[in-house]
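Notebook open, model loaded. I'm jotting down what I look up as I go.

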Amino acid sequence: DNDHKLYLTQRGPSRFMTAEPQKSHMFSTHLNSDEYATPAIRRYALNGIKNAALVARKTENFFFSGVQLGIRQRLGEAKIDLPIDIELDDGNDDSWQDKINATMRLAVNMGIDVLFLTCTDAPMELAMQLVRQMQYEHSFKSIWMIGGVCKFGTDCGHILGGNQISPVETA
């Protein structure tokens with residue numbers, strides 16, 4: 001009988017808590033992952049950032065889709081253009097590597113200020129390799145990624161991100 005129980009979760013995107021059926025017996029202590037990028041976007045706006053690129057994971061996963069929605073909304077509110085907004089189907093589509101290569105080339109050619117990466121590890125790793133390869137043509141003013149943990153053998157002192165669990169906790 002759910003009338004006498006309270007279920008707690010330590011994390012979860014907003015859609016998990018609000019999707020039908022309503023879960024009046026659920027409570028979450030999570031930080032709202034939809035808003036992970038909000039502090040960075042506010043700072044970007046204050047510092048005159050004009051545009052951004054989003055490389056996103058195409059998914060119904062509430063975490064990824066929520067973070068991506070939050071980024072799109074906050075960039076719009078901050079009047080930061082999003083001329084590059086791609087979704088990768090990295091689970092079912094082998095063309096994601098070609099899309100990453102083309103997107104990174106376009107971002108460099110356009111002089112994009114901020115790169116947002118909300119995809120899984122393999123696309124993120126390829127994107128970071130390309131950032132390094134193209135750094136003498138163009139350097140992003142900032143890179144924001146889900147996880148925010150540098151795990152690709154790259155000097156990541158300039159990378160921001162959103163994460164609720166440290167690598168030590170996942171070991």
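Which exposed residues does the face of α2 turned away from its buried side carry? I found P39, R42, R43 and L46 there. Exposed is over 50% relative accessible area, buried is under 20%, and partly exposed is in between (1.4 Å probe, protein chains only).

Ground rules before I go on. This is a predicted model, where local features need pLDDT of at least 70 and side-chain atom pairs count only at pLDDT 80 or more, while totals for chains, interfaces and linings use all residues. Residues are numbered from 1 along each chain as its sequence is written, and side-chain values use heavy atoms, with hydrogens and water left out.

Entry: I listed the buried residues of helix α2 (residues 38-46) as T38, A40, I41 and Y44. Looking down the axis of α2, I see these buried residues fall within an arc of 160°, so they line one face of the helix. The arc is taken from the directions from the helix axis to the C-beta atoms. After α2 comes G48, with a positive phi near 80°.

**Entry: overall layout.** I count 6 helices and 7 strands in the protein chain. Both are DSSP runs numbered from the N terminus: helices are H or I with at least four residues, strands are E with at least two. Along the sequence the pattern reads β-α-β-α-β-α-β-α-β-α-β-β-α. Of the 171 residues, 42% are buried. I also noted that, of the contacts with a separation of 6 or more, 64% are between residues 24 or more positions apart; contact means heavy atoms within 4.5 Å.

**Entry: confidence.** I get a mean pLDDT of 79 for the protein chain, with 65% of its residues at 70 or more. pLDDT is the predictor's confidence in each residue, from 0 to 100. Among the elements, β4 has the highest mean (96) and helix α6 (residues 167-170) the lowest (45). Over residues 164-171 pLDDT stays under 50, and the model has 9 contacts beyond four places in sequence for that stretch.

**Entry: N51.** N51 is in strand β3 (residues 51-57), and I count N51 as buried because its relative accessibility is 16%. What lies 2.7 Å from a polar atom of the N51 side chain? I found the backbone nitrogen of D113. For a polar contact I use N or O pairs within 3.5 Å; within protein, one must be able to donate a hydrogen and the other to accept it, and residues adjacent in sequence count only if both atoms are side-chain atoms. Beyond four places in sequence, N51 is in contact with I80, D81, P83, G111, I112, D113 and V114.

**Entry: T103.** T103 lies in helix α4 (residues 96-110) and, at 7% relative accessibility, is buried. A polar atom of the T103 side chain is 2.7 Å from the backbone oxygen of K99. Leaving aside neighbours within four places, I see T103 in contact with V55, I84 and I86.

**Entry: K79.** K79 has a positive phi of about 60° although it is not a glycine. I placed K79 in the loop between α3 (62-77) and β4 (81-88). Buried or exposed? K79 counts as exposed, because its relative accessibility is 71%.
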